[in-house]
Amino acid sequence: MIPKKVDAARRAQALGEMTRLLNGERAQALAALARDAQRSNRTKTLHTPSGLEVTIVEPESEEEIERDREAIRDLMVRSDLVRLGFSEMRIRNRYRFGWRLWELGATGGLRSPFVDTGHAIDHPSIVADCPHGNRVPSPSCGCGVYFVPAWFPFRRVVDDILDGDFSGYAVTWGVAIGGVDVDLGNQWGIRPRRTGRFRILGGLIPEEAPQPSLPVRWLRGFTDRNAIAVEKLWDATAPDNFGAVIARYQDEDATRVSVSNVQGGPEVPWLRLRRFQ
């Protein structure tokens, strides 16, 4: 944790040290472990009735490999939150919080950059309606508000999508108030989630961008330090239990959105990050 009563230079240094806990080398090292798990074989020893021991090598199933990957991802996310001093409530509910990408209009309005929902987001709370008649999220369709639980994989994929040019865009961090489902996307280590109700808690905008109209905390500049600061600023005054978080936001006025599934050719995993349904 950063001590409260320190001068600005020391606070900046401490926050810089926090962000370096999540540097690229550490992420790459853990990603290498995931790749090794994918290629690994399991060794088993069989005991025959005669007393002989026979060693065999059995390939892992795809389900076991994916379970190993998920365990490594979860180790990364949880350990980062612990090291950065987040609350126990935040750590326990780490997959209910996450980041989204938005197009930022000239007057500060937020819209999905990939599908047309018909209007800008005019409330911090967003409710996804399903045109197929399902309760969101449903295994029967892909409708929902999508988000990525961890900042660093989110930043990497958005850098790739936008080719590093964030002008005209905003990113927001928020919490899933409704049920949560895990999406099938897997590229770049991303496993997006989707929910029926999402509450924006803060976000990042370019240095020269118009101030967004939503009444949440905004910081200028798409930096790791600012992203962690947005999360920490909310966490500092967060309730002790997630039930209280739901109670705080579930009855707010919300922007309601509804669009059909993205149509076209085969859907690549990262395209699911682009959907706003």
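These notebook entries record what I looked up in the structure above.

**Entry 1: the model**

I worked from a predicted model, in which local features need pLDDT of at least 70, side-chain atom pairs count only at pLDDT 80 or more, and totals for chains, interfaces and linings use all residues. Residues are numbered from 1 along each chain as its sequence is written, and side-chain values use heavy atoms, with hydrogens and water left out.

**Entry 2: the chain as a whole**

I found 8 helices and 12 strands in the chain; these are DSSP runs numbered from the N terminus, helices (H or I) having at least four residues and strands (E) at least two. Of the 277 residues, 47% count as buried. For burial I used these cut-offs: buried is under 20% relative accessible area, exposed is over 50%, and partly exposed lies in between, with a 1.4 Å probe and protein chains only. The accessible surface of the chain is about 14300 Å², and carbon and sulfur atoms hold 50% of that surface. Accessible areas come from the Shrake-Rupley method with a 1.4 Å probe, and for residues only the protein chains shown count as cover. I then turned to contacts, meaning heavy atoms within 4.5 Å. Among contacts between residues at least 6 apart in sequence, 67% join residues at least 24 apart.

**Entry 3: helices H5 and H6**

I looked up how helix H5 (residues 151-162) packs on helix H6 (residues 224-235): the angle is about 135° and the axes are 11 Å apart. Axes are lines fitted to C-alpha atoms, for helices over the stretch in contact, and angles run from 0 to 180 degrees between N-to-C directions. H5 is therefore oblique to H6, since angles under 35 degrees count as roughly parallel, over 145 as roughly antiparallel, 65 to 115 as roughly perpendicular and the rest as oblique. Which residues make the contact? On H5 they are Trp-151, Phe-152 and Arg-155, and on H6 they are Asp-224, Ala-227 and Glu-231. I sorted the residues of this contact into 3 nonpolar, no polar and 3 charged. In this scheme Ala, Val, Leu, Ile, Met, Phe, Trp, Tyr, Cys and Pro are nonpolar, Asp, Glu, Lys and Arg are charged, and the others, Gly among them, are polar.

I noted Asp-163 in the loop between H5 and strand E7 (169-176). Its phi is near 55°, a positive value in a residue other than glycine. Asp-163 counts as exposed, at 69% relative accessibility. Asp-165 lies in the loop between H5 and E7 and is partly exposed, at 44%.

**Entry 4: Arg-220**

I placed Arg-220 in strand E11 (residues 217-220). Is Arg-220 buried or partly exposed? Arg-220 is partly exposed, with a relative accessible area of 32%. Leaving aside neighbours within four places in sequence, its contacts include Ile-205, Pro-206, Glu-207 and Asn-226. From Arg-220 to Ile-205 the C-alpha distance is 5.0 Å, at 15 residues apart in sequence.

**Entry 5: Phe-97**

I found Phe-97 in strand E3 (residues 97-104), buried at 0% relative accessibility. Among the residues Phe-97 touches, not counting those up to four places away in sequence, are Met-89, Phe-147, Trp-173, Leu-201, Trp-234 and Phe-242. Phe-97 and Trp-173 are 76 residues apart in sequence, yet 7.2 Å apart in space, C-alpha to C-alpha.

**Entry 6: the loop between E5 and E6**

I recorded a cis peptide bond from Val-136 to Pro-137, with omega near -5°. Pro-137 is in the loop between strand E5 (125-128) and strand E6 (145-147). Cys-141 also lies in the loop between E5 and E6 and is buried, with a relative accessible area of 10%. Cys-141 and Cys-130 are 11 residues apart in sequence and 8.6 Å apart, C-alpha to C-alpha.
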